[in-house]
There are 2 protein chains.
Amino acid sequence: DISTLDYKTSHTSHTFPGLINIGAFVPRLVEPGSVDFFEVTKASTSAGFTTIQILPYGTDGSILNEESLSAAQANATGAAHCDYLMSVAASPSNIAEITEDLQAETKALFIPSTNLTDRNVNAVTALAAHFASWPSDKPIITDAKATDLGSVLLLASLHSRSVHIMNVTTRDDLLLIALSKEKKLKVTCDVSIYSLFFTREKFPGSTCLPSAEDQAALWKNIHVVDVFTIGSTPYQLALELGKEAKAWSGIEEAMPLLLSAVGEGRLTLDDIRQRLHDNPIRIFDIPEQAHIQVEVVVNRRAPLSRALDGWSPLDGKMVSGGIHRVVVQGQTAFLDGMTYSLPIGRDVTAGVVPARAVDRRASFSVV
Amino acid sequence: DISTLDYKTSHTSHTFPGLINIGAFVPRLVEPGSVDFFEVTKASTSAGFTTIQILPYGTDGSILNEESLSAAQANATGAAHCDYLMSVAASPSNIAEITEDLQAETKALFIPSTNLTDRNVNAVTALAAHFASWPSDKPIITDAKATDLGSVLLLASLHSRSVHIMNVTTRDDLLLIALSKEKKLKVTCDVSIYSLFFTREKFPGSTCLPSAEDQAALWKNIHVVDVFTIGSTPYQLALELGKEAKAWSGIEEAMPLLLSAVGEGRLTLDDIRQRLHDNPIRIFDIPEQAHIQVEVVVNRRAPLSRALDGWSPLDGKMVSGGIHRVVVQGQTAFLDGMTYSLPIGRDVTAGVVPARAVDRRASFSVV
Ligand SMILES: [Zn+2]
Ligand SMILES: [Zn+2]
Ligand SMILES: [Zn+2]
Ligand SMILES: [Zn+2]
Ligand SMILES: [Zn+2]
Ligand SMILES: [Zn+2]
Ligand SMILES: [Zn+2]
Ligand SMILES: [Zn+2]
């Protein structure tokens with residue numbers, strides 16, 4: 001870690017590598033002509049997230065087959081400001097549609113908990129079929145909770161394969177994951193950044209947030225948490241509270257929240273790097289990005305500076321850290337609240353893509 | 001197998017060893033002065049079940065601690081017509097009450113699904129604690145279903161211990177068990193005998209029975225089913241249909257139903273022996289009873305002969321087999337519909353108890 005202390009203001013600046021959000025929610029995901037890929041990826045780059053893994057479900061439909069994947073790909077092509085990975089959702093009925101071609105074009109199989117709690121379908125049997133047919137070297141992700149989580153972990157155990165649990169919100173689920181790790185099950189997990197800072201008690205009417213008691217357990221067992229994500233929680237929270245939900249909800253709040261926790265001594269900069277860079281790369285085999293710097297500042301107390309509109313739980317609140325500058329391949333993509341990024345994000349689902357010619361890149365530069 | 005064919009009537013008689021019902025429901029289990037132990041055990045002996053494992057929950061309460069166990073033991077002592085084993089129920093809050101003494105006095109830990117579906121408690125964490133503290137050489141039984149079943153199997157897998165799944169009613173659950181067996185998990189299961197012969201479609205309003213489709217799957221995968229039980233299904237069915245539920249509901253129907261299936265070629269006599277004798281003894285380490293003969297008849301079509309009152313789903317129906325005679329230590333306990341059994345059942349929870357002196361036994365004989 002290279003940190004410099006600014007003696008005039010006694011704040012600390014620090015440079016991270018390109019950060020990764022493995023749970024990027026794109027509301028209008030498969031709708032033809034949707035600009036949400038543009039919005040989400042632009043906000044992501046400005047917030048330091050230069051690679052994002054797209055959640056395969058939106059408000060308008062899910063990626064369940066070739067057709068819906070193509071629709072999402074079409075929305076992303078030429079519109080993405082950061083690198084992205086595509087994933088596919090498992091449903092009780094789409095096992096036959098997840099062809100080898102579709103597997104090759106997606107990074108992870110996502111098992112939404114909503115598809116598990118439909119007691120009218122043979123959910124566990126369908127799940128078992130997905131576990132049996134999804135390639136063993138590619139990740140399976142689920143946001144299953146409570147006893148549904150038990151079923152997923154059982155299938156992972158029976159098939160001796162790894163599984164990543166997304167958006168853990170309860171003490172119970174985290175302890176089951178801890179127990180499973182202890183017993184050498186190949187399980188990893190993440191929590192939504194909002195779940196670490198906001199509670200049901202603070203926002204009555206919300207169901208996507210943990211209770212204060214569960215949140216305390218997440219912090220107490222933060223060593224069990226491999227990854228931080230943005231997830232769909234910010235969007236859901238806005239909806240649940242009757243506020244304006246935006247494609248970029250929760251993205252620019254992510255690092256200011258985490259860096260404020262660093263200021264309070266609840267996290268270290270290294271904790272953040274592990275959970276937004278090292279572990280995502282290791283767990284999901286995400287290509288390392290070269291020549292990216294995310295310059296942040298810590299211990300500088302100020303109201304959250306926002307570049308985007310829409311409701312935020314941090315509106316009018318003080319934070320003590322944030323993004324100063326994002327540099328992508330020598331070009332400043334974000335600086336002091338202003339975005340200069342370009343729609344040059346690549347689909348890195350299948351691994352590293354050839355480097356862009358520097359002259360082609362330069363011709364797009366507006367900085 | 002020693003079978004004799006009666007040439008006059010062309011029915012077959014066959015002798016089984018003492019049969020075992022590992023899921024005996026005693027409605028008023030812990031109520032002081034309850035006569036249900038007397039009723040259930042008398043009906044069991046007459047029906048060929050000379051050893052029964054008592055389910056630790058009744059309509060009036062459960063065996064959850066020393067006090068409730070003592071209440072049940074007091075009801076059984078001197079009243080039981082067949083040998084019996086006691087078990088204890090796990091609740092999210094009784095982990096500390098399951099003392100070493102209580103463990104020694106009970107055969108199995110039963111995890112009722114109702115205690116798993118209370119989403120207000122940290123059910124999986126409580127369950128994990130029970131799995132960690134129940135002696136590894138004693139059985140754990142559960143009637144968990146769907147994703148709850150997944151959680152239980154996961155804990156069994158994580159703790160490398162065996163678990164018995166009681167009262168499987170769906171294709172989905174049976175296939176998850178089959179998959180677990182295939183993957184070398186130490187899991188066994190039973191189905192309630194009523195679930196093999198009655199359906200929700202046949203008795204609209206019932207929820208304890210399988211659907212016709214699920215029932216077909218139970219039959220198709222009958223090789224996965226280790227044990228048949230009577231369970232609480234007959235009692236529940238009567239309640240759900242607004243009929244008279246009795247302590248003995250479903251007991252005298254058990255063997256006529258199974259033997260009718262033998263007559264139809266859906267089961268063999270050996271299938272029954274395995275699931276009501278060999279496997280229960282092996283799975284639950286139940287003491288073998290000497291000098292017991294259960295003589296049955298197959299292929300003799302007649303209306304069900306009933307010695308007991310109360311509603312039966314077989315009322316007015318034909319069956320093609322039944323119990324002819326039950327002989328316990330040389331004494332006829334049941335013959336041609338008449339019961340001669342005595343309240344000499346022993347608590348065999350802890351294993352074999354010393355044989356009764358023959359002269360003491362003889363002095364009770366009324367045959
Ligand atoms: Zn540093
Ligand atoms: Zn394709
Ligand atoms: Zn790196
Ligand atoms: Zn500056
Ligand atoms: Zn025979
Ligand atoms: Zn005692
Ligand atoms: Zn035997
Ligand atoms: Zn006779």
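Glu105(A) comes out as partly exposed, at 24% relative accessibility. In this predicted model, Glu105(A) is also one of the residues that coordinate the zinc ion (ligand 2).

**Zinc site**

- The zinc ion (ligand 2) is held by Glu66(A) through OE, Asp101(A) through OD and Glu105(A) through OE, with distances of 2.1 to 2.6 Å.
- Along the sequence, those donor residues follow the spacing E-x34-D-x3-E.
- Glu66(A) and Glu105(A) tie together distant parts of the chain, 39 residues apart: Glu66(A) sits in helix H2 (residues 66-76) of chain A, while Glu105(A) lies in the loop between helix H3 (100-104) and strand E7 (108-111) of chain A.
- Glu66(A) has a relative accessible area of 25%, so it counts as partly exposed.

**Chain A–chain B interface: area**

- Chains B and A bury about 2,200 Å² between them, and carbon and sulfur atoms supply 61% of that.
- On the chain B side, Thr147(B), Leu154(B) and Leu158(B) lose the most area to chain A, together making up 27% of what that side buries.

**Chain A–chain B interface: contacts and make-up**

- As for polar links, the tally is zero salt bridges between the two chains and one residue pair in polar contact, both at pLDDT 80 or more.

Terms used
Residues are numbered from 1 along each chain as its sequence is written. Chains are lettered from A and ligands numbered from 1 in the order in which they are written. This is a predicted model: local features need pLDDT of at least 70, side-chain atom pairs count only at pLDDT 80 or more; totals for chains, interfaces and linings use all residues. Side-chain values use heavy atoms; hydrogens and water are left out. Buried area is the accessible area (1.4 Å probe) that two parts lose on being put together, summed over both. A salt bridge is a side-chain nitrogen of Lys or Arg within 4 Å of a carboxyl oxygen of Asp or Glu. A polar contact is a pair of N or O atoms within 3.5 Å; within protein, one must be able to donate a hydrogen and the other to accept it, and residues adjacent in sequence count only if both atoms are side-chain atoms. Donors are N, O and S atoms within 2.8 Å of the metal (3.2 Å for Na, K and Ca); water is not among the atoms, so sites may look incomplete. Helices (H or I, at least four residues) and strands (E, at least two) are DSSP runs, numbered from the N terminus. Buried means under 20% relative accessible area, exposed over 50%, partly exposed in between (1.4 Å probe, protein chains only).
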